[in-house]
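Colleague: I'm new to this one. Could you walk me through how to read it?

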Amino acid sequence: MIKVPTGSNASILSVGIYRATNVVPNSAIVEKIDSTDEWIQQRTGIETRRFADKNISVIDMGTAAALQAMQRAGISAEQVDVVILATITYPHQTPSGASGIATNIGAHKAAAFDLSAACAGFTYGVGLANDLVRGGTAKHVLVIGSEKISDFTNPTDRATAFIFADGAGAVVVGPSAEQGIGPTAWGSDSDQRDAITMSSWLNFKDTDAPANTIEWPDIVQEGQRVFRWAVFSVSKVGSKAIELAGITPDKLKAFVPHQANLRIIESMAKDMKLSPDVLIADDIRTNGNTSAASIPLAMDALLQAHPEMHGQLALIIGYGAGLAFAAQVIKLP
Ligand SMILES: CC(C)(COP(=O)(O)OP(=O)(O)OC[C@H]1O[C@@H](n2cnc3c(N)ncnc32)[C@H](O)[C@@H]1OP(=O)(O)O)[C@@H](O)C(=O)NCCC(=O)NCCS
């Protein structure tokens, strides 16, 4: 018989963040896309977003967020068994961005890999980390979302230029007396994978055209299609996660969804019949859509503003390109 490892209950022990330094108001975006501050605020809730400095990388931001999460959890680099980096904007196929972060934080022997599930990447990672700790494969797992989407956004594209932003967030998932992460409700509507895309790097190789005439793989999306999908389908995933956790919506104290669009967030809260007392994260207003980083960034902002939320139940939902989605009920760190 092969020996089976035994794990423990798992929880999110801490959250750490890196906020990109350049605050960019709508007024700095609108001219290139023939838009207005009013339109952007009305359609998305975004007032400002943050872009990283040119010399700051996905690894730099992820490292800063990871170090803060480790310090808040009170764990050393040697205690980190796995580093998972959720990202779609680390500009190398290999080695992974996670291995760069593992080196930077001193977790030299940790398992390290990148996870490509776009804006669902963080909640995919939390689900995976939970199962690794519960299964006994790891004791402490760093789940990091880090994105520099400004490198992959066309500032003249009316469907994306005002939405996306840069930043990083990280959590430590580790052992706890009680279970603090509910079962993951997840999946993808993969037949809609053409709704949000980036073009292939191979365009630069398999062509006789000069490189500077080839389209950079900027993110493109069918905004309305994604909007309709998110509003129609994703709240059902949240309801499923609530059911899987064995609770009713009235037990939730906070809702920390991916920060894609304030109207999507409000529509989901309504569909899931969340109580009006539930605190709803709205980090998108000032920080834009940072893809895999948006949930930990929004979680940290909510906890900074409402320290009474530590230890309370929250619903997290990630969703985006793929079209991938994942949700859990968690106990806030
Ligand atoms: C992108 C998004 C904000 C666009 O809003 P929308 O209400 O769907 O906008 P539409 O594309 O239907 O266009 C509505 C009108 O605004 C105009 N418009 C489109 N983009 C515009 C812009 N950037 N600025 C000003 N006007 C714009 C259109 O021309 C159209 O004008 P018309 O009514 O005169 O024809 C919205 O679709 C969205 O948020 N989708 C989800 C995207 C998302 O979250 N992606 C990430 C997933 S992780």
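**Reading the sheet and the ligand site**

Modeller: Let's begin with an open sheet of five strands, in the order 8-14-13-11-12 and with mixed pairing. Strands are DSSP runs (E, at least two residues), as helices are (H or I, at least four), numbered from the N terminus; two strands pair if DSSP finds at least two bridges between them. This is a predicted model, where local features need pLDDT of at least 70 and side-chain atom pairs pLDDT 80 or more, while totals for chains, interfaces and linings use all residues. Residues are numbered from 1 along each chain as its sequence is written, and side-chain values use heavy atoms, leaving out hydrogens and water.

Colleague: Which are the edge strands?

Modeller: Strand 8 (185-188) and strand 12 (279-280), each pairing on one side only.

Colleague: In what sense do strand 13 and strand 14 pair?

Modeller: Antiparallel, over eight bridges, between residues 313-320 and residues 324-331. Gly318, for instance, stands opposite Ala326 in strand 14.

Colleague: And the ligand: which residues come nearest?

Modeller: A residue counts as near if one of its heavy atoms lies within 4 Å. Of the 23 residues around the ligand, Ser35, Arg43, Gln221, Gln224 and Asn261 come nearest.

Colleague: How do I read polar contacts there?

Modeller: Look for a pair of N or O atoms within 3.5 Å. An N or O atom in the Arg43 side chain is 2.6 Å from a ligand oxygen atom, and one in the Gln221 side chain is 2.7 Å from a ligand nitrogen atom. Taken alone, the ligand exposes 960 Å², and the protein buries 72% of that (Shrake-Rupley method, 1.4 Å probe).

Terms used
Polar contact = N/O pair within 3.5 Å; in protein donor to acceptor, adjacent residues only side chain to side chain.
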